[in-house]
Amino acid sequence: MRLPTEEDLAKVAAALGLSLDRARIRAILPEVERLFEAAQRLRELPIDPAQAPRVTEHP
Amino acid sequence: MKGTDLAFASAAEIAAQVRQRELTARQVAEACLARIEALQPRLNCFIQILSDIAFEQASSVDDAIRSGRTAGPLAGVPVAIKDIIDVAGVTTTSASHRWLHRQAETDAALAERLRRAGAILIGKTNLHECAFGVTNINPHYGPVHNPWDPRRIPGGSSGGSAAAVAAGLCAGAVGTDTGGSIRIPASLCGVAGIKPTYGLVPLDGVIPLAWTLDHAGPLARTVRDAALLLDVMAGTVEDDARSLVRALDAAGPLSSRGASGARGVRVGIPRKFFWEHLDIEVETIATTAVETLRSLGAGVRDVEVPYASFAGSAVSVILSTEATAFHEQHLRTHPAEYGEDVRTRLERGFFLSGTDYITALRAQGFLHREFLRAFEEADVLVMPTTQAAASPIDDDPSSASTTSLAMSVHLTRFTNPFNLTGFPALSLPCGFTKEGLPVGLQIVGRPRDEALVLRVGKAYESATEWHTRRPPLH
């Protein structure tokens with residue numbers, strides 16, 4: 001998957017009603033990219049598709 | 001006992017002397033507050049100094065002892081509380097903008113336990129804003145300075161707590177730890193700090209950062225004092241069979257293997273990931289520490305921790321999502337009231353999806369099981385707490401935020417996997433760099449095996465003198 005662009009973030013911010021201007025989006029883009037990569041990487045783990053998440057307590 | 005001796009006395013020594021009426025709790029509080037007044041301008045460890053509460057509590061302890069009532073295990077022991085934890089009648093600031101402060105009407109459960117045990121709550125310590133960062137450079141309250149070199153960071157987010165303990169401003173302190181926030185400053189300030197098993201210490205009355213990863217625990221100058229504080233905070237002190245101090249002090253066999261000290265303990269060295277990309281001095285110092293454990297009779301062997309490098313990714317996603325959810329309302333309306341680095345960390349969380357979050361929570365369960373596999377061949381895992389010692393304070397507005405964001409990734413590498421898994425993890429001093437900066441060793445155990453983690457830590461501490469060094473504060 002490709003990394004998000006400034007344009008992508010601007011669209012999402014508008015849809016979520018966030019008051020982020022272009023300068024702010026540019027400032028946070030590297031951190032959003034880093035998180036995006038982290039989230040994608042987790043999908044490489046060989047997790048049993050039926051495994052449920054634990055939401056409020058540790059396994 | 002007075003002056004510097006009292007400032008660096010152990011919690012156990014202070015409590016014993018107060019109980020035996022060789023010292024009053026008021027004398028301890030007076031000495032402690034005087035030292036704080038002298039060093040606060042240089043170190044900035046505290047956001048609030050609780051003189052009235054300290055003297056009131058000291059009087060209560062002294063009255064109890066004079067009238068022959070039972071004094072608690074922390075009778076007269078000065079303890080500092082991270083200012084993200086409620087103390088009744090005091091504002092909890094989270095070291096953030098005043099609009100995020102809250103007035104605490106009651107003590108947090110852990111603070112109430114400390115008070116009931118006779119501790120003197122001496123002050124509320126400075127932290128990285130909202131506990132969301134590791135440098136402790138704070139736009140609202142100023143940076144905390146490392147007592148070993150005030151030009152350097154103390155680590156964070158419980159930097160004020162660690163620096164206060166290192167500087168002899170209190171005998172112990174409380175921190176919180178969501179990605180390493182007890183252990184990183186403990187390492188960088190040369191003190192002991194333990195993040196216990198997830199859920200062992202109650203978090204009622206503690207402002208959350210990320211519910212799934214948040215822990216609270218003690219910092220102290222010795223492992224035994226950390227155990228003493230943890231016993232009280234965890235509520236185990238009234239249950240003798242579960243007492244950590246009892247486990248440390250017992251002469252007989254403490255584990256199923258019948259070992260004492262470090263003898264017979266299987267120490268696992270997870271070379272891959274946890275011993276990579278180290279500063280050369282840190283690597284040398286930590287390697288020597290492992291050899292010390294071996295010389296104490298521990299069986300040292302390399303172990304694999306499968307998928308260890310994925311833990312940080314899961315922590316990033318869970319932490320960002322939960323922290324943004326907690327701060328969402330204020331973040332939407334008053335974003336400029338956050339420091340630049342914390343604002344960036346919070347705003348990025350808006351762009352994660354629900355499926356990203358659930359994927360990370362599923363990864364948490366998976367990694368918990370994988371990490372447990374390492375304990376089939378080891379009783380504890382040992383590694384450096386951080387890759388490097390304390391770095392210089394960068395409070396230049398043009399670069400501070402970028403530095404803070406980079407430091408979080410760098411300094412939490414070896415600590416945040418154990419927030420994800422919830423395993424108990426202790427950091428204790430294991431040496432000093434040529435520049436005189438402390439280096440920390442991390443000892444990790446199975447869930448609920450704090451007793452063994454602390455026992456190995458105490459054995460190491462007893463064989464070395466790092467914990468007796470004092471920072472050059474004159």
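Strand β7 (residues 192-195) of chain B pairs with strand β12 (residues 425-432) of chain B in the antiparallel sense, over three bridges. This pairing belongs to a predicted model, and the account below sets out from it. Within the pairing, G193(B) stands opposite S427(B) in β12(B). β7(B) also pairs with strand β8 (residues 215-220) of chain B, again in the antiparallel sense, over two bridges. There, G193(B) stands opposite L219(B) in β8(B). Both faces of β7(B) are covered: A192(B) and I194(B) are buried on one side, and G193(B) and K195(B) are buried on the other.

Strands of a sheet pair through backbone hydrogen bonds, in either a parallel or an antiparallel sense. In chain B, eleven strands form an open sheet with mixed pairing, in the order β1-β5-β2-β6-β8-β7-β12-β13-β11-β9-β10. The edges are held by β1 (46-49) and β10 (299-302) of chain B; each has a single partner strand, so one side of each is left without a neighbour in the sheet. From one strand to the next, the twist averages 30°.

Helix α5 (residues 109-116) of chain B has the buried residues L110(B), A111(B), R113(B), L114(B) and R115(B). Their cover includes the strands β2 (78-82), β5 (120-125), β6 (172-177) and β8 of chain B, together with the helices α4 (51-66) and α8 (223-233) of chain B. After α5(B) comes G118(B), which has a positive phi, near 100°.

Another helix, α9 (residues 244-249) of chain B, contains L244(B). Is L244(B) buried or exposed? L244(B) counts as buried because it has 24 C-beta neighbours inside 10 Å, against a threshold of 20 or more. Leaving aside neighbours within four places in sequence, L244(B) is in contact with A227(B), L230(B), D231(B), T236(B), E450(B), A451(B) and L454(B). Of these, L230(B) lies 14 residues from L244(B) along the chain, and the two C-alpha atoms are separated by 7.9 Å.

Two packed helices are described by the angle between their axes and the distance between the axes. For helix α12 (residues 311-333) and helix α13 (residues 340-348) of chain B, the axes come within 8 Å and cross at roughly 105°. α12(B) and α13(B) are therefore roughly perpendicular to each other. On the α12(B) side, S320(B), A323(B), T324(B), H327(B) and L331(B) meet R345(B), L346(B), E347(B) and R348(B) of α13(B). The residues of this contact divide into three nonpolar, three polar and three charged.

The contact between the two chains takes 28 residues from chain B and 24 residues from chain A. On the side of chain B that touches chain A, α12, α13 and α14 (354-374) of chain B each supply at least two residues. The largest share of that side, eleven residues, comes from α14(B). By class, the side of chain B that touches chain A has 14 nonpolar, nine polar and five charged residues.

Definitions and conventions:
Residues are numbered from 1 along each chain as its sequence is written. Chains are lettered from A and ligands numbered from 1 in the order in which they are written. This is a predicted model: local features need pLDDT of at least 70, side-chain atom pairs count only at pLDDT 80 or more; totals for chains, interfaces and linings use all residues. Helices (H or I, at least four residues) and strands (E, at least two) are DSSP runs, numbered from the N terminus. A residue is buried if 20 or more other C-beta atoms lie within 10 Å of its own, exposed if 12 or fewer, and partly exposed in between; C-beta atoms are placed from the backbone. Two residues are in contact if their C-beta atoms, placed from the backbone, lie within 7 Å. Axes are lines fitted to C-alpha atoms, for helices over the stretch in contact, and angles run from 0 to 180 degrees between N-to-C directions. Angles under 35 degrees count as roughly parallel, over 145 as roughly antiparallel, 65 to 115 as roughly perpendicular and the rest as oblique. Ala, Val, Leu, Ile, Met, Phe, Trp, Tyr, Cys and Pro count as nonpolar, Asp, Glu, Lys and Arg as charged, and the others, Gly among them, as polar. Two strands pair if DSSP finds at least two bridges between them.
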